[in-house]
Every structure is written in structure tokens, then in C-alpha cells.
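Me: Got a model open and want a quick tour. Can you take my questions as they come?

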Amino acid sequence: MRFDLITIFPEFFAGPLDHGIVRRAREAGIVQIHVQDLREFTKDRHKTVDDRPFGGGEGMVLKPEPLFDAVEKLLGQSMGTAAEKALPPAGSAVVLLSAAGKVFTQETARRFAKLERIVFLCGRYEGVDERVAEHLATDEISIGDYVLSGGELPAALILDAVTRLLPGALGNEASTENESFSESGEWQVASGEQENRNRLASMLDYPHYTRPADFRGWTVPEVLIGGHHAEVAKWRKQQAEQKTRRNRPDLMPEIL
Ligand code: SAM
């Protein structure tokens, strides 16, 4: 899978993408990551990427031209005009990072992991000319209900979440199957109203423990030490449910 990160701060990505699973996925050729300097796609002497907002107001706004030019050059096709709009090639997405976008979830990560290519557009300043959201981006994505200074951290975060879902990215180290929000972590409600019977809840991960069994008097739950696999599985499911109810009641079906 190929990722392009379009940013006015290309140096930002030196570091965050050079460790752990993402580094190994790069080395194994599972992902290719290309950081693109937005200023390289400008046509004027000053390499201008921003301008004042129409209608007045604070700050500067990223201009549409360099962003359209960058995406078109990278994808090797025009993205069209108001008269005739064009979509990116099948298997590609153009993702605009935006606090005003749809909130990124594990489901979004799973959808993105099926693609061959994602181009990330990292905003800065007061944001990006709205025509980019409307006519260039296939997805306008927020990583949560707070405002950051730029789209670089959100892009790196999404890239990480998507990469670890790609076949081979985790090696033998771990599996994404039983993690928080995983599809197989979903469970069917066993009781309650008929119409709610098939509602699925996405549970958080169960608690993990490692050595020492006794740390400052805080001991590991007995059931994990007994070696009884069925009991361990039952306990983990109960704990996951309790934790989800406590930390993320919004994920639980109402009848529970
Ligand atoms: N004026 C914008 C607003 O109120 O929604 C905030 C702009 S923010 C200071 C600059 C850039 O940071 C945005 O264009 C976007 O790319 C990025 N950004 C900030 N918060 C984000 C979030 N929660 N998720 C994704 N990107 C975000």
C-alpha cells in the first residue's frame, strides 16, 4: 500500500514513522511512504501556499491550487473542474485531515486498509479552502473532538492504525483479532428484546498482566495463573464488558 503525505512541514514525519510496526512494514515493502512538500507544487517565486480568507477573519487559509496540483501530479490524472468533476482511480482515497471531518474509527481504518493508495492532505493555519473538502478529497476525517495545530499528527495516527491492519504487518508478534474495536471482538447480545438480539457491541480490550505476579502488593488475578483456558477466556470477556461499560458506555447496547 502506498501513502503520500502532503504537508508544508515535511520534516515533521522524520521520526514518527521510523519505529516499530510501521518501520518494519516499510522495510518489508508492505507499505511505501512518500512525504511531499506542498511548496514544491506551487508555481510562484515565493512558493505561496496560503492566503487571507474571503469575508475577513483571523489567520490564513491553505490555497486550493497547490493541493489540487499535488494530488493530480501524484495520481497522474486531473481531478476535474466545476463543469466536469473527476474521481481518483479505484482503490485510492484522498484524505483531508480536518477537525470538522467525520470522526476516524477502527471501522474507517478497516475500510482504508482495503485500499491500494491513500493521499493525506495535512491542513495548517485556519484550515484549507473548502473546495478541497468538496471537490478533491474523497474523505474529510477528524481524529477527535479537539483542535490541533496541523494535520500531520492526525495523518501519522491514521497511517499507523491502517498499517497494522495490513496482512503481514504485525508478523508473529501479535494479532489484531482480539483488540479493542476489532470485528471478532464484537459479540452478540444473548438476551433481551427480539429486535435488540442481533445488535452488536464493539468491546474494548480485556486487561493484560505480566510478571511480577505481585507488584507492590497488587496481585495478578488468580484465574490467570491457574492455567484453565476456558476460565481465562470467560474472565477476559467479563472484564472486557465491565471495562467497556465503565469507560465507553456509548459502545454498549442499551439492554445490557
Ligand atoms: N479552523 C479549524 C476549525 O475550527 O475546525 C481548525 C484548523 S486547525 C488549527 C489546522 C489544521 O489542523 C486543520 O486544517 C487540520 O488539517 C488539522 N486538524 C486540527 N484538528 C484536527 C482534528 N481533530 N482531526 C484532524 N485534523 C485536525
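Me: Lysine 47: buried, partly exposed or exposed?
Reply: Lysine 47 counts as partly exposed, at 35% relative accessibility. Buried means under 20% relative accessible area, exposed over 50%, and partly exposed in between, with a 1.4 Å probe and protein chains only.

Me: Where is lysine 47, and what is its phi?
Reply: Lysine 47 is in the loop between strand S2 (32-37) and strand S3 (50-51). Its phi is near 55°, a positive value in a residue other than glycine. Most residues other than glycine have a negative phi, and most peptide bonds are trans. Helices (H or I, at least four residues) and strands (E, at least two) are DSSP runs, numbered from the N terminus.

Me: What about arginine 216?
Reply: Arginine 216 also is not a glycine and has a positive phi of about 55°. The loop between S10 and strand S11 (218-219) holds arginine 216. At 69% relative accessibility, arginine 216 counts as exposed.

Me: Which peptide bond is cis?
Reply: The bond from arginine 211 to proline 212 is cis, with omega near 5°. Proline 212 sits in the loop between S9 and S10.

Me: What kind of model is this, and how are things counted?
Reply: It is a predicted model: local features need pLDDT of at least 70, side-chain atom pairs count only at pLDDT 80 or more, and totals for chains, interfaces and linings use all residues. Residues are numbered from 1 along each chain as its sequence is written, and side-chain values use heavy atoms, with hydrogens and water left out.

Me: Overall picture, please.
Reply: The protein chain has 256 residues, and 38% of them count as buried. Its secondary structure comes to seven helices and eleven strands. The C-alpha atoms fill a box of roughly 70 × 45 × 35 Å along the principal axes. Among contacts (heavy atoms within 4.5 Å) with a separation of 6 or more, 69% join residues 24 or more positions apart.

Me: On to packing. How many residues are in the largest nonpolar core?
Reply: That core has 29 residues, and Phe3, Phe120 and Ile158 have the most contacts inside it. Such a core is a set of buried Ala, Val, Leu, Ile, Met, Phe, Trp, Tyr and Cys residues joined through side-chain atoms within 4.5 Å.

Me: Which element gives the most to this core?
Reply: H5, with six residues. Elements that each supply at least two residues include strand S1 (2-7), helix H3 (106-113) and helix H5 (152-163).

Me: What does isoleucine 158 touch?
Reply: Leaving aside neighbours within four places in sequence, isoleucine 158 is in contact with Leu97, Phe104, Phe112, Phe120, Ile141 and Ile143. There is also a second, separate core of 22 residues, which includes Leu38, Leu62, Leu96 and Val119.

Me: And H3, what does its buried side pack against?
Reply: The buried residues of H3 pack against S5, S6, S7 and H5. Those residues are Thr108, Ala109, Arg110, Phe112 and Ala113.

Me: Threonine 7 next. Buried or exposed?
Reply: Buried, with a relative accessible area of 1%. Threonine 7 is in strand S1. A polar contact of 2.6 Å joins its side chain to that of glutamate 152. A polar contact is a pair of N or O atoms within 3.5 Å; within protein, one must be able to donate a hydrogen and the other to accept it, and residues adjacent in sequence count only if both atoms are side-chain atoms.

Me: How far is phenylalanine 13 from glutamate 152?
Reply: They are 7.7 Å apart, C-alpha to C-alpha, and 139 residues apart in sequence. Phenylalanine 13 counts as buried, at 5% relative accessibility. Its contacts beyond four places in sequence include Thr7 and Glu152.

Me: Last topic, the largest pocket. How much space?
Reply: About 470 Å³. Of its 26 lining residues, Leu97, Ser98, Ala99, Ala100 and Gly127 are the closest to its centre. On a 1 Å grid over the protein atoms alone, where a 1.4 Å probe fits, a pocket is an open set of points with protein on both sides within 12 Å along at least five of seven lines; lining residues have an atom within 4 Å of a point. Grid points are joined across faces, edges and corners, and a volume is the space filled by probe spheres set on the points.

Me: Which strand gives the most to the lining?
Reply: S5, with five residues.
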